[in-house]
Amino acid sequence: MTSRPAGARSIDEILAAARARLDRLTPAEAFAESRAGAPLIDIRPAAQRAAGGEIPGSVVIERNHLEWRLDPASDARLPWVTGYDLRPIVFCAEGYTSSLAAAALQDLGLAGATDVTGGYQAWEAAGLPTARPAERSVEIAPGASPAY
């Protein structure tokens, strides 16, 4: 193995830096905030959603489209993204990728962006509402694949 180039960081260092910026939420806290109007953003690919299930009322924006769909200055933003005061709560399968994604949203100026500690697995383990993809209980953003 060659030595790490100057300035390079390991993924553990990058993840720790991202999480240091976030006010991460427990699944119960995320559920309460979503009930109060904060959008829950599911960045998992269709295969993970098909295998594990979905959170009713969440918006599916696969990771590769996330910044374009939620940047208030982007021509590709979702119609309900109208300003920088949005509080997107991002979740993935276990709460790793979502931390990196929420930090990227903060870089866009969405200072309230955060993620769910433990991701979908922790949400499900907490007994919070889930649905099978066939129930079609989520919003599928342009560019995302349905899990059914």
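The model is a predicted one.

Start with helix α1, residues 11-21, and helix α5, residues 97-107. Their axes come within 9 Å and cross at roughly 55 degrees. That angle makes α1 oblique to α5. The crossing is left-handed. From α1, the contact uses I11, I14, L15, A18, R19 and R21. From α5, it uses S99, L100, A103, Q106 and D107.

Now turn to the interior. In soluble globular proteins, nonpolar side chains tend to be buried together. Here the largest nonpolar core has 16 residues. Within this core, I41, I43, I61, L66, L70 and L105 touch the most other members. Helix α4 (66-70) and helix α5 each supply at least two residues of the core. Take L105 as a guide. Beyond its neighbours within four places in sequence, L105 is in contact with L66, E67, L70, P88, V90, L110 and A113. Another core, of 11 residues, lies apart from the largest one. Its members include A30, A38, I55 and F91.

Where does S58 sit? It is in the loop between α3 (46-52) and β2 (59-60). Is S58 buried or exposed? Its relative accessibility is 0%, so S58 counts as buried; the cut-off for buried is under 20%. Leaving out residues up to four places away in sequence, S58 touches L40, D42, F91, S137, V138 and E139. One of these, F91, is also a member of the 11-residue core.

Key: Residues numbered from 1 in each chain as written. Predicted model: local features only at pLDDT ≥ 70, side-chain atom pairs only at ≥ 80, totals over all residues. Heavy atoms only, no water. Axes fitted to C-alpha atoms, helices over the stretch in contact; angles between N-to-C directions. Helix = DSSP H or I, 4+ residues; strand = E, 2+ residues; numbered from the N terminus. Parallel < 35°, antiparallel > 145°, perpendicular 65-115°, else oblique. Left-handed = near helix turned anticlockwise from the far one by under 90°. Contact = heavy atoms within 4.5 Å. Core = buried A, V, L, I, M, F, W, Y, C linked by side-chain atoms within 4.5 Å. Buried < 20%, exposed > 50% of the residue type's maximum accessible area, 1.4 Å probe, protein only.
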